[in-house]
Amino acid sequence: MPPRRTDALYIAPPAQRAVRLLRAVVEGDTVTNTSVTAKALGINRTTLIRLLCTLEAERFIERRPGGDGFQVGVGFIGLAARALAGQDLVQVATPVLARLSEAFGLSAHLGVLDGHDVLYLLRRAPDLPVVSNIRVGSRLPAHATTMGRIILAHLPAAAVTALYGRGALKAFTDKTATTLAKLEAQIAADRAAGLAWSRENFEPGIDSVAAAVLGPAGAVVAAINVTGPSGQFPAAGAAKTRLGVAVHEAAAEISTRLGHVFPGAADPGRSGTDLAKSAAASEDRAPRRARPAAKPSSGTKTRTKTRTKKSPRV
């Protein structure tokens, strides 16, 4: 049996230093100042330079345009792409998210929980000028994002407490939950609705809705969402309901293809329709005034005319 990853006796320091440097470049450190990067990684500058040369030779990193610093190389991107493509989760989700993105003209994503963050594994975006700039490999705080919230909503309460019970949570907008109690209330509402909605909760001008992806044993394994500018995102009414239902059904389709069986649902994709409608209704709190019915003129028959309102393209 191989040793556990926490067994320090079996950790190879040179390999660990190379991995830490590669992770730093992936996360945006261009290593334009080798002294600063070496200090941040806890290694000496000479070792850093040797690691840079090695990673560049293996095409895991490459020079940035203009030669100033480094960026992720095609060798690493190709390796990561092949690894992701080999995962059933990504393979199954790819065509589903592509259809979802195309149907609504919004960006669609797949993510998993990694510590306190949501790690983005897949992104599908429409061919439009304004789309999400989230990239595969990006990390966003779980407590402040829809995919993170809907995953947390499906975890045991003790697991959520273990993650967020030690202090205040970072606020990104005035709608972000900043305490464990507020987060628990928020994810309880998400769990009841079957969807997590965001109206600029994480980033001003950006809205989102997410649903959970379940594995064969019924545990949450990932989440999907669609995001878009607030001006293009359906905020109420039939268009919002239609989007919520579509996202829930897409998550259910992925779950089913992964081997999850929805109890008592002949059509798992349809099992979330009522939940999605309830979620949309709960977001639309503003009361509507009923228009007084027009009195028919004497001697004329009253006709009921049904109008079909076209949903806007979102």
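Three aromatic pairs occur in the structure, a pair being two rings of Phe, Tyr or Trp (its six-membered ring) with centres within 6.5 Å. In one of them, the ring centres of Phe172 and Phe202 lie 4.9 Å apart and the planes stand at 45°, so this pair is tilted. Planes under 30 degrees apart count as stacked, those over 60 as edge-to-face, and the rest as tilted. The pair links distant parts of the chain, 30 residues apart. Phe172 belongs to the loop between α7 (157-164) and α8 (180-193). Phe202 belongs to the loop between β6 (196-199) and β7 (206-214). Phe172 is partly exposed, at 29% relative accessibility.

The model is predicted; local features need pLDDT of at least 70, side-chain atom pairs count only at pLDDT 80 or more, and totals for chains, interfaces and linings use all residues. Residues are numbered from 1 along each chain as its sequence is written, and side-chain values use heavy atoms, with hydrogens and water left out.

The protein contains ten helices and eight strands. These are DSSP runs numbered from the N terminus: helices are H or I with at least four residues, strands E with at least two. Of the 314 residues, 39% are buried. Buried means under 20% relative accessible area, exposed over 50%, and partly exposed in between, with a 1.4 Å probe and protein chains only. Among contacts with a separation of 6 or more, 55% join residues 24 or more positions apart; a contact means heavy atoms within 4.5 Å.

Six strands build an open sheet, in the order β5-β4-β3-β8-β7-β6, with antiparallel pairing. Two strands pair if DSSP finds at least two bridges between them. β5 (139-141) and β6 are the edge strands, each pairing on one side only. Neighbouring strands are turned by 30° against each other on average, direction ignored. Axes are lines fitted to C-alpha atoms, for helices over the stretch in contact, and angles run from 0 to 180 degrees between N-to-C directions.

Strand β3 (residues 107-114) is joined to β8 (residues 220-229) by five bridges, and the two run antiparallel. Here Leu110 faces Ile224 of β8. β3 also pairs with β4, in the antiparallel sense, over seven bridges. Val112 has Leu119 of β4 as its bridge partner. β3 and β4 form a hairpin with two residues between them. In the turn, Gly115 has a positive phi of about 70°. β4 is joined to β5 by three bridges, again antiparallel. Leu119 has Arg139 as its bridge partner in β5. Helix α6 (residues 146-153) lies across β3, β4 (117-124), β6, β7 and β8. This helix runs at about 150° to β8.

Several side chains complete the picture. Lys240 lies over the face of Trp197, 4.5 Å from the ring centre. A charge sits over a ring if NZ of Lys or CZ of Arg is within 6 Å of the ring centre and within 35 degrees of the ring normal. Gln186 lies in helix α8 and is buried, with a relative accessible area of 17%. Leaving out residues up to four places away in sequence, Gln186 touches His143, Arg149, Lys175, Ala177 and Asn201.

Arg45 lies in helix α3 (residues 45-57). Arg45 is partly exposed, at 45% relative accessible area. Beyond neighbours within four places in sequence, Arg45 is in contact with Thr34, Ser35 and Ala38.
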